[in-house]
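I open this notebook to record what I looked up in one structure. The entries follow the order in which I worked.

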Amino acid sequence: MLIETENTPNPATLKFLLHRPVMEQDSCFFVNKEEAADSPLAVALFDLGPVTGVFFGQDFVSVTAENPGIWSELEPKVIMVLSDHFESDAPLFVKTSEKADAKQAEDNDIVIQIKDLIATRVRPAVARDGGDIVFQKFEDGIVYLSMRGACSGCPSSVATLKQGVESLLKHFVPEVTEVRAI
């Protein structure tokens, strides 16, 4: 299985391009082994030791290490875990966690517009860098987003939020006054 690696703006995170689907829709981000319990692949990556984040994108996996200086040793191990998992056609998740989303009440027009802009204009751009930005809520003019994958802890994430995402949302949705990361 051919797996290519790409650097991301976050020096602690590498993006592993699998050239096959990983997540059909959305994305998934784990910050520890306990949180990743439903995913054998994420657990195996955390078992490598110095891994502090695992992100599943549409056709890639981003892995964050404790220290960017260990990638020369860690990268081949991550590639081996990814190869073993995907060549065996093992499931990405062993059971479906039922996460009740209290926010699934009907979205108003502003929230729908914000979600659409994030999905069509923001997420594809940050996915190229091995990360994701996910809408959490809109309250009192403030859009709250969570940064995932390479975007989580990235030195340039604040600039991405303020200069990129906030400017875009303010332009198209006048009700937006600010964007904040959760």
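**Entry 1: Aromatic rings**

I counted five aromatic pairs, where rings of Phe, Tyr and Trp (its six-membered ring) pair if their centres lie within 6.5 Å. The model is predicted: local features need pLDDT of at least 70 and side-chain atom pairs count only at pLDDT 80 or more, while totals for chains, interfaces and linings use all residues. Residues are numbered from 1 along each chain as its sequence is written, and side-chain values use heavy atoms, leaving out hydrogens and water.

I then looked up Phe55 and Phe60, whose ring centres are 5.8 Å apart with planes at 35°, so the pair is tilted; planes under 30 degrees apart count as stacked, over 60 as edge-to-face and the rest as tilted. Phe55 and Phe60 are both buried (under 20% relative accessible area, with a 1.4 Å probe and protein chains only). Together with Phe29 they form one aromatic cluster.

**Entry 2: Nonpolar cores**

Which residues touch the most other members of the largest nonpolar core? I noted Leu45, Val54, Phe56, Val61 and Leu82, in a core of 27 residues. Such a core is a set of buried Ala, Val, Leu, Ile, Met, Phe, Trp, Tyr and Cys residues joined through side-chain atoms within 4.5 Å. The elements giving two or more residues to this core are β2 (13–17), β3 (28–30), α1 (40–46), β4 (51–56), β5 (60–65) and α2 (71–87). Helices (H or I, at least four residues) and strands (E, at least two) are DSSP runs, numbered from the N terminus. The largest share, six residues, comes from α2. Apart from this core lies another, of 19 residues, including Ile118, Ile133, Phe135 and Leu168. In soluble globular proteins, nonpolar side chains tend to be buried together.

**Entry 3: The sheet**

I next followed an open sheet of three strands, in the order β6-β7-β8 with mixed pairing; two strands pair if DSSP finds at least two bridges between them. Its edge strands, β6 (131–139) and β8 (178–181), each pair on one side only. β6 pairs with β7 (residues 142–149) in the antiparallel sense over eight bridges. One partner I looked up is that of Val134, namely Ser146 in β7.

Helix α3 (residues 109–127) packs on the sheet and touches β6 and β7, contact meaning heavy atoms within 4.5 Å. Helix α4 (residues 157–172) also packs on the sheet, touching β6, β7 and β8.

Terms used:
Axes are lines fitted to C-alpha atoms, for helices over the stretch in contact, and angles run from 0 to 180 degrees between N-to-C directions. Buried means under 20% relative accessible area, exposed over 50%, partly exposed in between (1.4 Å probe, protein chains only).
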